[in-house]
Amino acid sequence: MESSSGTPFGRRLRELRQGRGLTLEELAEASGVSGRAIGDMERGRSLRPRRGTIAALAQGLGLDESIHADLLSIARASRPAGGPSDSVVPPHQLPRGVRDFVGRRAELDLLRDVAHRHLEDAGAPDQGHWALAPPVAVVFGSPGSGKTTLAIRLAEESRTSFTDGAFLVDMRGLDAHPLSVDDAVVRLLGAWGVGDLDVAQLNSEERMARYHAMAAELRAVVILDNAGGESQVRPLLPRTGRVLMVVTSRRTLAGLEGVQRVELGALSEPESASLLRAVVGAGRVDAEPEAARAVTELCGHLPLALRVAANWAATRSNWSLQRLATRLNDENRRLDLLSAGDLRMNSAFSLSYSRLAAGAARMFRLLSLVPGGDFSVPLAAVLADTAIPEAEDVLEELLEAGLLATHHEDRYRLHDLLCLYARSRHHLEDSPQESAADAARLRAWLLDTAVLAGRWYEPGYGAPAPDPLRLVALDSHQQALQWIKAESDNWSAAFHAAADDGEHAKVVEVAEAMHWFSDNWVSSGLWVDVYERAAEASASLGDPALEATHRNYLSWAYWACERRHDDAVAAAEHALVLAGTAQDVIQEAWAHTYLGSLLSRVGDLSRAADSARRAMDLFSKADEINGYLQACNVAIDSLASADRTDEAVETYGEVMAVLADPRNVERIPSNVRDVTALIAAYHVSFAYLAQEDWQDVVDVLRPIDGQFEALGWDKQEGKVHLYLARALTHLGELDFAVGELRRVLVLEGSIPQAVVEEARARLGALDEAGASVCADPGA
């Protein structure tokens with residue numbers, strides 16, 4: 001009767017054990033898992049065996065990879081639906097903290113005191129305390145000392161006090177190309193809800209000003225993790241307000257003044273023992289105090305090494321700690337590629353690695369090939385050439401073994417020391433041919449998926465064809481955008497590698513696919529590099545029409561992303577020459593469109609209008625309707641600004657006629673249609689304002705009221721309200737004018753100060769005129 005009891009996993013485990021002629025005690029000895037634990041699993045009393053435990057049992061049973069995978073699959077099916085999830089949800093954009101945090105009491109108390117004093121200082125704005133620079137904590141120490149873990153612990157404890165959230169930015173201080181200050185600002189502004197296009201319209205100085213203005217108003221924790229030096233941090237330190245800044249670094253950052261430094265060295269002996277107790281169990285540690293002490297010493301009392309060793313021991317409860325200490329000591333005879341002074345962690349890493357199942361060990365080695373800082377389950381599945389459920393199981397096994405960490409949401413990352421160790425094992429155990437094939441497979445998947453995701457936004461493409469083998473969902477614009485953003489470090493690194501290896505056609509394909517998408521993430525910092533490389537690749541292919549296309553894209557990127565006006569003009573002029581050589585009318589038209597927009601930026605308005613008109617004629621000749629509409633909007637803007645108002649109004653009429661023509665419904669994507677109409681109405685309002693056609697101003701602006709704000713274009717939204725207020729005032733609708741002016745003031749801090757000041761002045765004038773200045777701002 002016993003054979004019919006238990007869970008499917010328990011029954012399968014018993015079959016495998018008995019099939020190999022092993023008793024419970026013999027399997028316990030071979031695997032390091034206690035006999036009692038194995039018995040509980042077989043009888044169904046242990047319903048959720050850990051992946052590390054399954055790996056140890058598979059090793060003890062001598063299972064091949066297919067049977068091990070089958071056992072994992074059975075265990076996975078018995079788990080409750082939903083799987084693991086982040087315990088941290090927005091706006092607390094942090095990795096998961098460790099459940100068994102111990103020690104560091106003095107350091108944590110010091111950080112708590114910094115936070116407490118910070119709250120006290122920020123608590124009385126009427127006394128001017130907000131004018132004080134808030135305190136900054138710098139947590140520094142050796143690799144593996146737990147700096148990030150401590151900072152996250154503080155942020156988790158402070159949730160109720162810092163109600164606007166907690167945010168972590170990896171500064172990548174040890175990388176060949178650390179995160180720039182501007183990129184850090186862009187990421188934080190995005191996390192704080194500032195629209196991408198709004199960020200992109202600001203130059204670096206304006207972004208920094210916006211950053212400090214928002215930081216002064218937020219009650220939040222910001223962790224600048226893994227900072228490389230003072231210059232990477234100093235511009236980001238808050239000047240006033242209620243943001244608590246915690247910086248982690250391997251350096252002391254001695255050049256920063258007025259900060260609270262917290263040094264993390266090795267754990268004390270009692271703290272190391274407490275960490276062992278928390279992970280392995282107090283009973284086992286207290287039963288072998290000398291062996292426990294030896295384990296902590298062999299791990300250098302460093303939290304990372306201790307946690308790796310302790311997690312290994314936790315799944316092998318039948319092993320004594322003395323046996324663990326002996327194994328750790330043996331591992332010291334192996335390669336010591338990782339060290340911090342005289343503290344060696346390689347032994348702890350090697351021990352845990354040596355007990356991984358073959359599939360998990362291979363995955364660990366392969367993860368050293370991930371080019372970005374973090375990765376998703378599908379990426380890991382591609383790298384290991386396995387299915388997603390199996391990849392997820394293996395990643396969770398590595399997580400339980402302490403060889404992997406979580407990142408935001410459902411992503412993972414390797415500690416940099418573990419990445420070095422994984423790379424060393426990869427070089428030792430995998431042939432160069434295998435390594436090249438694995439890297440090529442990952443690169444191909446990243447670039448092919450980037451093409452599919454980017455083309456979602458391109459007219460004529462949209463959703464990719466259904467494919468049951470596709471590992472990521474790309475069923476909507478939003479899913480495509482999320483993938484491009486989440487994997488940007490990885491696919492852009494693959495793109496660079498393809499460019500460096502001379503894969504010109506693939507480089508051009510990816511860049512072309514991203515063209516229509518790029519407007520949706522202007523602040524990414526990607527596009528200048530993408531289109532410089534694409535232009536070079538097109539030239540290498542000897543295709544002047546193709547090169548003209550990407551020089552035009554590059555002209556857009558120079559201006560829209562980095563405000564490099566002269567470079568943008570040079571790129572458009574180069575494209576114009578190439579298009580003429582290739583007799584490519586459409587690219588010639590695009591070059592004139594970009595030149596018209598750029599000439600308008602420097603006040604050369606008549607030339608700008610003429611260039612846009614030339615583009616309209618060429619697009620019309622080529623029957624390219626989407627380009628024609630964009631050129632029209634450039635023309636309306638330039639003509640209105642050049643006081644050629646009748647021509648601007650006439651061109652606006654042409655745009656609206658094209659949009660209204662039912663023959664064009666299928667030819668113009670809905671997003672292009674909506675944005676074209678919005679921008680055309682905004683630009684023609686300048687012409688109506690110049691002509692003092694007040695009713696026309698109201699007629700074109702009222703229908704678009706709120707649309708710019710929905711896109712994150714606060715600057716344009718503020719001007720819509722201001723111009724409506726001007727027109728409504730002249731029409732005698734004073735209370736409605738007041739409402740529009742108050743809506744301008746709501747946007748203060750995210751729109752030009754001149755717009756705010758004019759709104760205030762007009763409110764004052766209307767107050768004197770007897771208007772109801774208490775009118776609802778939303779009226």
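## Alanine 560 and its helix

Alanine 560 sits in helix H27, which covers residues 544-562. Helices (H or I, at least four residues) and strands (E, at least two) are DSSP runs here, numbered from the N terminus. With a relative accessible area of 14%, alanine 560 is buried; buried means under 20% relative accessible area, exposed over 50%, and partly exposed in between, using a 1.4 Å probe and protein chains only. Setting aside neighbours within four places in sequence, alanine 560 is in contact with Ala200 and Val522, where contact means heavy atoms within 4.5 Å. Then there's leucine 197: 363 residues separate it from alanine 560 in sequence, yet their C-alphas are 9.5 Å apart in space.

Is glutamate 547 buried or exposed? Its relative accessible area is 9%, so it is buried. Beyond its neighbours within four places in sequence, glutamate 547 touches Ala535, Ser538, Ala539, His574 and Leu578.

## How this model was made and read

This is a predicted model, so local features need pLDDT of at least 70 and side-chain atom pairs count only at pLDDT 80 or more, while totals for chains, interfaces and linings use all residues. Residues are numbered from 1 along each chain as its sequence is written, and side-chain values use heavy atoms, leaving out hydrogens and water.

pLDDT is the predictor's confidence in each residue, from 0 to 100. Its mean over the protein chain is 85, and 89% of the residues reach 70 or more.

## The chain as a whole

What is the chain built from? The protein chain has 38 helices and 10 strands. Of its 779 residues, 52% count as buried. Look at the contacts with a separation of 6 or more, and 69% of them come from residues 24 or more positions apart.

As for the surface, the protein chain exposes about 32,700 Å², and carbon and sulfur atoms supply 50% of that. Accessible areas come from the Shrake-Rupley method with a 1.4 Å probe; for residues, only the protein chains shown count as cover.

Arginine 443 is placed in helix H22 (residues 432-455). At 19% relative accessibility, arginine 443 counts as buried. Apart from neighbours within four places in sequence, arginine 443 is in contact with Ala494, Ala497, Ala498, Asp501 and Glu503.

Asparagine 311 belongs to helix H15 (residues 303-314), and at 11% relative accessibility it counts as buried. Leucine 399 is 88 residues away from asparagine 311 in sequence but 9.4 Å away in space, C-alpha to C-alpha.

Among the buried residues of H20 are Ala391, Val394, Leu395 and Leu398. Just after H20 comes glycine 402, with a positive phi of about 80°.

Helix H8 (residues 181-191) has Val181, Ala184, Val185, Val186, Leu188 and Leu189 as its buried residues. Their cover includes strand E3 (166-170), helix H9 (196-200), helix H10 (204-215), strand E4 (219-227) and helix H11 (230-233). H8 is followed by glycine 193, whose phi is positive, near 95°.

## Positive phi without glycine

Most residues other than glycine have a negative phi. Asparagine 226, in strand E4, has a positive phi near 60°. Glutamate 692 also isn't a glycine, and has a positive phi of about 60°. Where is glutamate 692 found? Glutamate 692 is in the loop between helix H33 (670-691) and helix H34 (694-701), and at 53% relative accessibility it counts as exposed.
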